[in-house]
Amino acid sequence: HNERLEFLGDAVLDHELSHLLWQKFPDLKEGELSRFRSSLVNEETLAQWARALGLQEFILLGKGESQKEEVETAILADAFEALLGALSLHERQRPQEVISLWIELFDESCEGDEPRFFDRLRLDLFDPKTRLQELTLEHFKVTPQYSCQEKGEGFQCHVRLNEKILGEGHGPSKKKAEVAAARSALVHHSIEKIQEI
């Protein structure tokens, strides 16, 4: 059953990425390693992996879901975990190969300022609003300000510091637009640049 395979695949993925993070970042503490892993094992990333493998073509959907233009992110993420679980039952080493190959493909497809798979910036992007607030409080003793407005079916949001725009984001809700704006600020402004503002 898919849900049993998802359970197994989730454990396999956690195990493999934990090993890779432990090897690649010997200076990170346990809490940082846990946050790093959580930033990598999330619904959006897993769905991205599923799309890259073309899994959406092989998922049997109910009548309601099959009429949608795209397969939902949560369904794709679950399918990828189920695939990893099935691979681990067939051959224990196979998930390692799939994950290593995907990480290479992921890095090759990154454009511009987007962080690579094992980029430390992901630690900041795991909870971008909190991290941005920590930085601005540390360096300026003030918190960033968010301004949002409805745009189309969602929201557009700007995050400012001392009246200067740090980032812009879009999302289906005000909260998600703010998170996107904070993420944009962290991706496009290094700590050094924020200090200069």
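Residues are numbered from 1 along each chain as its sequence is written, and side-chain values use heavy atoms, with hydrogens and water left out. Because the model is predicted, local features need pLDDT of at least 70 and side-chain atom pairs count only at pLDDT 80 or more, while totals for chains, interfaces and linings use all residues.

Let us start with the largest pocket, which has a volume of about 790 Å³. A pocket here is an open set of points on a 1 Å grid over the protein atoms alone, where a 1.4 Å probe fits, with protein on both sides within 12 Å along at least five of seven lines; lining residues have an atom within 4 Å of a point. Points are joined across faces, edges and corners, and the volume is the space filled by probe spheres set on them. The lining has 18 residues, and Asn42, Glu44, Thr45, Leu125 and Arg183 lie nearest the centre. Two or more lining residues come from each of α3 (43-53), α6 (94-109), α7 (121-125) and α9 (174-188); helices are DSSP runs of H or I with at least four residues, strands runs of E with at least two, numbered from the N terminus. The largest share, 4 residues, belongs to α9. By class, the lining holds 8 nonpolar, 5 polar and 5 charged residues (nonpolar: Ala, Val, Leu, Ile, Met, Phe, Trp, Tyr, Cys and Pro; charged: Asp, Glu, Lys and Arg; polar: the others, Gly among them).

Now follow α3 itself. At its start, a side-chain oxygen of Asn42 comes to within 3.2 Å of the backbone nitrogen of Glu44. Along the helix, Thr45, Leu46, Ala47, Trp49 and Ala50 are buried (under 20% relative accessible area with a 1.4 Å probe, protein chains only; exposed is over 50%, and partly exposed lies in between). Just after α3, Gly54 has a positive phi of about 75 degrees.

The second largest pocket contains about 240 Å³ of space. Its 13 lining residues include Asn2, Phe58, Ile59, Ala79 and Ala82, which lie nearest the centre. Here α5 gives the most, with 6 residues, and the lining divides into 10 nonpolar, 1 polar and 2 charged residues.

Finally, look at the loop between β2 (154-161) and β3 (164-171), where Asn162 is found. Phi of Asn162 is positive, near 50 degrees, in a residue other than glycine, and Asn162 is exposed at 53% relative accessible area. Glu163 lies in the loop too, with a positive phi of about 70 degrees and a relative accessible area of 73%.

Definitions and conventions
Polar contact = N/O pair within 3.5 Å; in protein donor to acceptor, adjacent residues only side chain to side chain.
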